[in-house]
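Keep the model open while reading.

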Amino acid sequence: MSALSLLPARRPVPGVFVALTLTLVIGWLVVLVDGGQLFNQSTTVSLLHVAAGLGLVAVGQTLVILGGSLDLSVAYVISLSTLVAAETMNGSDGALMPAIGLALAVSAAVGLLNGLLVTKFRVNAFIATLGVGLLLKGYLDSGYDGPAGTTSPTLVQTLGYQRIGPVPLSFLLLVAVTGAAWFALSRTRFGHHLVAVGGDPEVARLSGVRNDRVLVTAHVLCSLCAGLAGIYLASRLGSGAPRVGTEGLYDLESIAAVVIGGTALAGGRGGVIGTVGGVLLLASIDAIFNQLEVDAFFKQVIRGVIIIAAVAVYARRAMRKAA
Amino acid sequence: MSDPRPAPLLTLRGIGKSFLGVRVLDGVDLDVAPGEVHAVVGENGAGKSTLMKIVSGGYAPDGGTVELAGEPRVFRGPRDAQRAGIGIIHQEFNLLPGRTVAENVYLGHEPVRRGFVDRREMLDRTARLLASIGETALPADARVGRLGVAQQQVVEIAKALALDARLLIMDEPTAALADHEVELLYGLVRRLQERGIGLLYVSHRLTEVFDLSSRITVLKDGRRVTTVDTATTTADELVRHMVGRELSSYYPERAAPEDLGPVRLTVRDAGNRKLRDVDLQLRAGEVLGIGGLQGSGRSALARALFGVSPFTTGDVTLDGRPVRLRSPRTAMRAGIAYVTEDRKGEGIVPRQSVLDNALLASRAVFAARSGRAARTVRVRELLAAVEVRGAGDDQEIRFLSGGNQQKVVLARWLALNPRILLFDEPTRGIDVGAKSAIHDLVRRLARDGAAVLMISSDLPELLGMSDRIVVMRDGRIAGELPASASEEDVVALAVGTVREAAA
Ligand SMILES: Nc1ncnc2c1ncn2[C@@H]1O[C@H](COP(=O)(O)OP(=O)(O)OP(=O)(O)O)[C@@H](O)[C@H]1O
Ligand SMILES: [Mg+2]
């Protein structure tokens with residue numbers, strides 16, 4: 001054992017931020033050559049808006065993935081939350097707080113169901129959350145053909161469109177939620193236990209961790225984040241939208257952001273800061289391609305390549321660490 | 001007999017446990033007094049670890065009662081047992097490689113201040129705990145995955161101590177420790193005893209059992225054979241109870257000079273990140289013992305020869321031809337086998353069957369179809385030869401006892417008919433009976449022309465088995481000793497109190 005390997009574990013900047021910087025620099029140059037401007041006020045604002053929506057979902061997704069689980073129902077929870085919020089508000093400011101509370105409560109209930117299925121009934125997380133998602137889809141498809149309800153004007157003006165300089169309020173909300181999640185992971189027992197459950201459930205159990213409780217909590221928090229994203233989307237759209245979650249591919253995109261951000265899909269390793277990096281990376285690619293007006297198909301190919309490359313890089317690193 | 005013992009801290013009555021219909025424990029009684037060290041011994045698979053897990057809440061017993069200080073207790077999980085003041089050092093490390101030492105030590109009961117984990121406090125307390133067991137070189141914020149097996153063992157010990165238990169279970173706490181660390185553990189055990197803590201001590205090393213315990217319980221096939229006062233028994237008697245027969249305490253005969261074949265392996269001037277100036281010759285028919293302290297480069301040597309972390313300088317020749325052992329695969333193709341010291345991490349595929357684990361290496365080297373049936377037959381024979389005990393070859397290997405897992409790993413490599421065998425602590429965690437069977441097997445392999453390199457921290461084993469002993473220190477070869485060397489000679493070379501002998 002050389003002395004070097006005994007140095008305290010340093011937590012390096014996740015590689016995703018290197019990739020993000022490179023993407024932004026290259027994108028900026030390419031757009032410049034193309035005769036455009038990547039970072040003008042409107043593009044920056046819209047980039048941050050995209051990041052806020054996806055980011056809220058992805059931070060929640062990070063928690064369950066860290067715990068060795070997964071949530072495929074987030075897209076439907078988002079749609080449901082927009083509807084609950086907008087219909088309860090019904091265009092007035094009076095019901096603002098109750099509406100937000102109700103949307104979050106409904107989301108939390110879905111998370112509770114997910115968590116109980118995964119822990120008490122030992123259903124594989126993939127299947128359990130997919131099943132719950134389809135259940136919600138059934139409800140949404142049968143109950144709604146299009147937008148419903150009206151978001152309170154105050155919420156639209158604040159969370160939806162207000163900003164400080166180029167930074168939308170919603171992005172600040174993401175920053176706050178991320179900070180809270182980071183703090184929970186590194187400074188609370190729940191966070192320590194969650195990482196342990198994801199790393200090795202048997203080790204966690206034998207160490208006195210109540211695995212089920214921890215995982216259920218993570219699922220509730222994940223759904224709450226999705227619910228929050230729904231409220232944000234309702235504030236953007238001005239109404240509830242039954243298909244906004246699925247059309248935005250929030251389920252797969254959030255998982256992609258988590259993985260790009262360096263969290264192991266198997267659980268036990270990673271964190272929310274990396275996830276936000278992943279979200280910003282995906283949003284930047286969107287912004288760049290929108291500016292260049294390349295076709296959507298090509299855009300998808302590039303994102304696919306980036307996701308695969310990210311996973312490959314992390315896998316190589318893990319190998320090298322093991323050696 | 002005469003002096004009344006204090007009221008027992010722990011009393012087990014009629015403990016029974018079955019897994020999938022197989023009876024693993026049957027009507028076991030046992031008690032531990034405060035300040036007493038009660039040793040539990042028995043063959044691999046006798047049920048020792050299962051019993052310890054029942055006491056510490058890891059398994060629920062099917063029958064019987066657990067009493068703590070006279071009160072009957074039912075633990076719904078490890079957490080309940082911890083709350084009741086029962087700590088355990090698990091035989092298989094119960095650690096998260098991705099987390100720091102401190103995070104592991106306090107997992108499940110992190111110190112909090114105003115509701116939040118107090119990292120400073122956690123690091124400080126961990127450092128104090130480590131210092132209290134004589135481990136000062138280990139930073140509390142080092143990542144556990146980067147530590148060697150011995151240091152992980154120390155972390156596991158610290159983790160059990162952090163609970164401040166009144167009953168502490170040690171399931172083979174010294175399996176991965178070198179002698180001087182075992183001394184530290186002895187000191188620790190005595191200090192805990194003085195504080196009135198009761199200890200359950202499971203070990204295959206009878207010396208430790210005799211040094212530390214006041215009573216010994218022998219388990220065989222899940223039943224309690226007997227409980228004896230340590231002062232009135234002998235090692236021979238104990239072995240007879242454990243194995244059910246007499247056992248010769250002799251090592252198999254060494255190789256005679258005429259048994260030694262040509263030089264198989266020559267290493268010249270080789271080195272890598274952890275090794276320097278390694279010169280070594282290994283001949284067909286011999287057992288070359290490698291001695292040294294933990295971290296002296298013994299395992300690094302084996303890993304270099306097996307291509308895990310290859311030599312970056314120097315030459316290696318195999319049967320007279322230069323080779324480059326770049327990866328385990330090339331090494332296996334060249335007829336080299338390697339039994340790692342890190343069984344849980346590198347030795348087994350936990351969720352695969354015993355048979356699949358034993359066939360792993362053969363399947364990797366040989367073409368898929370040719371001679372598959374014959375290989376399976378051979379592997380089954382080998383599993384029987386090393387005396388694997390479990391519910392059958394199709395059981396998942398993680399359900400085997402630790403010692404039996406080790407035997408499966410041995411069978412895996414023997415199945416390759418290797419010409420060179422690298423053993424890193426081959427009998428760690430293996431019971432006395434099977435140990436001598438493995439010693440015989442190793443010697444027979446050598447007699448059949450294999451060259452064996454054997455790393456062992458167990459000095460009697462090293463001296464008893466080796467035809468020559470090479471001692472390592474600080475990544476270099478400190479010297480070579482003949483088979484007639486004494487334990488003191490080995491230790492002196494290993495710690496560097498003598499001038500290096502001419503190699
Ligand atoms: N979870 C399990 N499922 C099925 N069988 C099990 C399980 N745990 C243990 N066993 C079986 O119970 C028996 C006793 O195992 P145990 O680990 O208690 O032995 P041990 O005395 O500790 O042996 P060793 O000296 O090798 O550590 C073994 O035959 C083992 O295969
Ligand atoms: Mg055991």
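**The interface**

This is a predicted model. Chain A brings 28 residues to the contact, and chain B brings 33 residues. About 2,900 Å² is buried between chain A and chain B. Carbon and sulfur atoms give 53% of that area.

How many salt bridges lie between chain A and chain B? The count is one. A:Arg189 pairs with B:Glu110, and their closest N and O atoms are 3.8 Å apart.

Which helix gives the most to the side of chain A that touches chain B? H8(A) does, with six residues. Helices H7 (169-187), H8 (189-199) and H9 (201-206) of chain A each supply at least two residues to that side. By type, the residues on that side of chain A are eleven nonpolar, nine polar and eight charged.

**Chain B**

Chain B has 17 helices and 22 strands. Its radius of gyration is 23 Å, close to the 23 Å that the globule rule gives for 503 residues, so chain B is as compact as a globular protein of that length. The C-alpha atoms of chain B fill a box of roughly 70 × 50 × 45 Å along the principal axes. Of the 503 residues in chain B, 56% are buried. Take the contacts in chain B between residues at least 6 apart in sequence: 68% join residues at least 24 apart.

**Salt bridges**

Side chains of opposite charge can pair when their charged atoms come close. Over all chains, the structure holds 38 salt bridges.

A:Asp141 and A:Lys137 sit four residues apart in helix H5 (residues 125-143) of chain A, so about one helical turn separates them. A:Asp141 is partly exposed at 35% relative accessibility. A:Lys137 is partly exposed at 33%.

A:Lys299 and A:Asp286 link distant parts of the chain. A:Lys299 is in helix H14 (residues 296-322) and A:Asp286 in helix H13 (residues 272-292), 13 residues apart. A:Lys299 is buried at 16% relative accessibility. A:Asp286 is also buried, at 16%.

B:Lys435 lies in helix H15 (residues 432-447) of chain B. B:Asp458 lies in the loop between strand E20 (451-455) and helix H16 (459-465), so the pair ties together parts 23 residues apart in sequence. B:Lys435 is buried, with a relative accessible area of 18%.

Salt bridges with shared partners join A:Glu253, A:Asp286, A:Lys299 and A:Arg303 into one network.

Technical notes
Residues are numbered from 1 along each chain as its sequence is written. Chains are lettered from A and ligands numbered from 1 in the order in which they are written. This is a predicted model: local features need pLDDT of at least 70, side-chain atom pairs count only at pLDDT 80 or more; totals for chains, interfaces and linings use all residues. Side-chain values use heavy atoms; hydrogens and water are left out. Contact means heavy atoms within 4.5 Å. Buried area is the accessible area (1.4 Å probe) that two parts lose on being put together, summed over both. A salt bridge is a side-chain nitrogen of Lys or Arg within 4 Å of a carboxyl oxygen of Asp or Glu. Ala, Val, Leu, Ile, Met, Phe, Trp, Tyr, Cys and Pro count as nonpolar, Asp, Glu, Lys and Arg as charged, and the others, Gly among them, as polar. The radius of gyration is taken over C-alpha atoms; the globule rule is 2.2 Å times the number of residues to the power 0.38. Buried means under 20% relative accessible area, exposed over 50%, partly exposed in between (1.4 Å probe, protein chains only).
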